[in-house]
Structure formats: C-alpha cells, structure tokens
Amino acid sequence: MDYYNRKMLLKSTGRYIAPWLVKNDDLAQWMDTSDEWIRQRTGIEQRYWVPEDGDIGASDLGLEASKIALERAGWTPEDIDLIIFGTLSPDMHFPGSGCLLQHKLGLDTTPALDIRQQCSAFLYGLTTADAFIRSGHANRILFVGAEVHSPALVKADRGRDVTVIFGDGAGAACLEGVETDEPVGVISSVLHSQGEFARSLMMPLPASRITEEDVREGRHDAYMDGRNIFKTAVRKLPEVANEALEKAGLSIDDIDIIIPHQANLRINQAVQKSMNIPDGKMYNNIHRYGNMTAASIPVALDEAIEEKLVDKGSTVLFLGLGAGLTWGGVIYRHF
Ligand code: UT7
C-alpha cells in the first residue's frame with residue numbers, strides 16, 4: 001500500500017437521538033423562558049433528552065449510532081482498528097467513553113481514543129483519523145460523537161441560558177483508507193484552539209483541584225458567556241473557512257454543501273450572509289435537536305447523506321467552534 005495515495009473514505013454514517021422529546025413549551029414549566037424567546041434567539045423548536053430515571057450514558061447512545069454505521073459499512077466490530085470518541089459529557093469522569101463503547105461492541109483489545117474538543121470534536125476527530133489512515137497506523141476507524149447533556153443541565157431560572165440550548169444524541173462514522181490518485185477524501189484541514197478563552201465556556205468540576213468554594217458555588221454547572229461566544233463564532237468561522245479554502249486551492253463556489261456545528265441558527269445565518277453563501281448550501285437541523293455538541297456535525301452529516309445532499313463527488317465544508325476555545329474547518333470530497 002502506498003501511503004501517499006491513501007485517502008480517507010467516509011464509508012458510512014449513523015445517528016441515534018435520545019428518546020424523550022422536550023419542546024420549548026415543556027421547558028417553560030421549569031424555568032422563566034418561552035417558546036418565542038428560544039425560537040427567536042436560537043432557532044431551536046425542540047430537543048431530545050435521555051429519560052430522567054434512566055441509566056443512559058454517552059457510550060450507550062454512541063453504541064446505537066455505531067451499530068447503524070457499522071451495518072451500513074458492512075463491517076463487524078472486529079473490522080475496527082481504532083475508535084475515536086468525542087464527548088464533553090462522558091459516562092464517567094474517567095475512563096473515557098471510547099473504552100466503554102469498545103467493550104459494549106464486544107471487542108477485546110481494540111484501541112480507543114477519547115478526544116475532548118467539544119463542538120469541534122468532529123473536525124479534530126476527522127483530521128486525527130485521516131492522519132492515522134495516511135500514516136498506515138490504522139485503516140478502519142470508527143468515529144463517534146455522543147452527548148448526554150440533560151442530567152447535568154440546571155432546570156431552573158439560573159441555568160436557562162444554557163439549558164434551553166442543549167440536546168442528547170450521537171452520530172457515528174466509519175472511515176476507511178482507500179488507495180487512489182484522485183483528489184478525494186480530506187482535501188484540507190485547519191484546526192485552532194485558544195485556551196486564553198477557556199473560561200468563556202466551561203464546567204470547572206469535576207477536576208483535580210476541588211475547593212469547598214467550588215462546590216458551594218455550583219461550579220459543576222456549565223457556564224457560558226453566550227454573547228461573547230456568539231460574536232467570536234460569527235468572526236472566526238468565516239475566517240477559518242477561508243483558511244481551509246485557501247489551503248485547498250478552492251473557492252466557496254467549489255463547495256457543494258457546508259455542514260456547520262449547530263450551536264445557534266443565527267450564527268450559521270450570519271456566517272452564510274458574510275460569505276455570500278446561497279440558500280440551500282448551508283445545512284441546518286438545530287430546530288429539531290438543539291445543540292448536541294460533539295454529535296451535532298455527524299448527525300447533520302448523516303441526515304445530509306440521507307437527503308442526498310452529500311453524494312459521490314460532493315465537496316463538503318465542515319465548520320465548528322466551541323469550548324476551549326477550539327474551532328476549525330475541514331474540506332472533504334466524497335468518493
Ligand atoms: O456550542 C457551543 C458554543 N456555544 C455557542 O455558540 C452559544 C453562542 N451564544 C448564543 O447562542 C446566545 O448568546 C444565547 C442563545 C446563549 C443567548 O442569546 P442572546 O441573544 O445572546 O441573549 P443574551 O445572553 O444577550 O440575553 C438577552 C436576555 C437577557 O435578559 P436581559 O438582561 O436583557 O433582561 C437574558 O437574561 O435574554 C435573557 N435570557 C433568557 N430569556 C428567556 C437568557 N436566557 C433566556 C432564556 N429564556 N432561556
């Protein structure tokens with residue numbers, strides 16, 4: 001096998017969404033919010049959560065999405081050389097959910113790698129998988145992005161800015177090395193992080209340094225400086241899209257579809273406007289699911305494939321920004 005000609009094929013995808021449908025009006029029973037506010041400010045109409053009395057973790061949702069992706073790829077779990085698991089809401093603080101999924105798939109010692117790149121998990125995961133495949137370290141990789149946010153969301157007024165946004169779900173992708181001279185697979189990838197702004201979107205606990213004050217102050221709740229993240233995303237996403245386009249030697253007109261992270265419909269609309277992207281080229285499904293962090297892009301990709309918006313020959317631009325801060329853009333040509 002010639003490593004220089006090895007390209008990463010997105011062989012199949014799968015999604016699994018938590019079962020409990022929570023509409024905006026349902027949230028208004030627990031906190032001072034309204035369907036009108038949530039729709040206007042975010043575009044979200046509903047989200048799905050795991051049942052309150054259940055015992056469902058990110059690895060469980062990831063398992064269901066993986067089974068679908070594996071079946072579509074025609075792979076058995078034994079075909080997997082590496083699992084890459086993206087989540088900010090793992091089943092346990094440690095070990096990572098990738099190891100739990102590995103066992104639930106019935107595997108013995110297949111390696112599993114957890115990545116904690118939040119809303120950028122798919123971008124970092126795809127790039128990592130591409131590097132493993134091109135270097136010959138692995139040829140068949142299962143990427144899973146899965147989140148179970150709802151048990152940790154504060155269902156009261158003090159948490160309303162965060163709670164109304166997030167949903168639970170999982171997306172999976174089977175990624176395979178294929179030898180070809182064609183300009184396909186990952187065409188370019190640009191990744192960034194900026195820890196300077198770690199505190200603008202964070203959940204400080206659990207952590208290795210816990211003070212009584214941390215616990216008293218409820219620092220196991222997520223904190224988000226929404227306005228700042230919003231403004232940063234609207235500025236950084238077009239910037240990184242242009243970096244990825246330049247690296248690929250492409251223009252925005254060469255892109256068939258943009259699959260962005262689903263944090264806020266208004267963010268994606270602002271990016272679309274600032275880059276002059278025609279309607280129909282930007283995929284949005286936040287109205288159905290809310291923000292599912294690491295699961296958002298792979299679930300959107302799965303739906304876009306189902307709707308034939310991504311087909312053989314399609315050039316796709318994936319974009320996202322979230323906690324870290326982390327952000328990036330990946331251009332992938334399907335084959
Ligand atoms: O995926 C990870 C990355 N995260 C993001 O990209 C999130 C980016 N940020 C956002 O999506 C938006 O900033 C939010 C949706 C979080 C908030 O929308 P906003 O338009 O920026 O609202 P705001 O924070 O400026 O708040 C406006 C008002 C405030 O009231 P006052 O101070 O004007 O009286 C808030 O207290 O809306 C209030 N508010 C709410 N009202 C009803 C905040 N949350 C809610 C709520 N329901 N859930």
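**Close-up views of a predicted model**

**View 1. Contact between helices α3 and α4.** In this predicted model, Ala58, Ser59, Asp60, Gly62, Leu63 and Ser66 of helix α3 are in contact with Ser97, Leu100, Leu101 and Lys104 of helix α4. Sorted by class, this contact of α3 with α4 is made up of four nonpolar, four polar and two charged residues. Helix α3 spans residues 58-73 and helix α4 spans residues 97-104, and their axes come within 9 Å and cross at roughly 50°. The two helices, α3 and α4, are therefore oblique to each other, and their crossing is right-handed.

**View 2. The buried and exposed sides of helix α9.** Helix α9 is formed by residues 265-274, and within this helix Ile267, Asn268, Val271 and Gln272 are buried. These residues lie on the same side of α9, because they cover an arc of only 135° around the axis. Lys273 and Ser274, by contrast, are exposed on the other side of α9. The cover over the buried residues of α9 includes α8 (226-248), β11 (257-260) and β12 (315-322).

View 3. Leaving aside residues up to four places away in sequence, valine 240 touches Val190, His192, Leu319, Trp327, Gly328 and Gly329.

Notes: Residues numbered from 1 in each chain as written. Predicted model: local features only at pLDDT ≥ 70, side-chain atom pairs only at ≥ 80, totals over all residues. Heavy atoms only, no water. Axes fitted to C-alpha atoms, helices over the stretch in contact; angles between N-to-C directions. Helix = DSSP H or I, 4+ residues; strand = E, 2+ residues; numbered from the N terminus. Parallel < 35°, antiparallel > 145°, perpendicular 65-115°, else oblique. Left-handed = near helix turned anticlockwise from the far one by under 90°. Contact = heavy atoms within 4.5 Å. Nonpolar A, V, L, I, M, F, W, Y, C, P; charged D, E, K, R; others polar. Buried < 20%, exposed > 50% of the residue type's maximum accessible area, 1.4 Å probe, protein only. Arc of directions from axis to C-beta.
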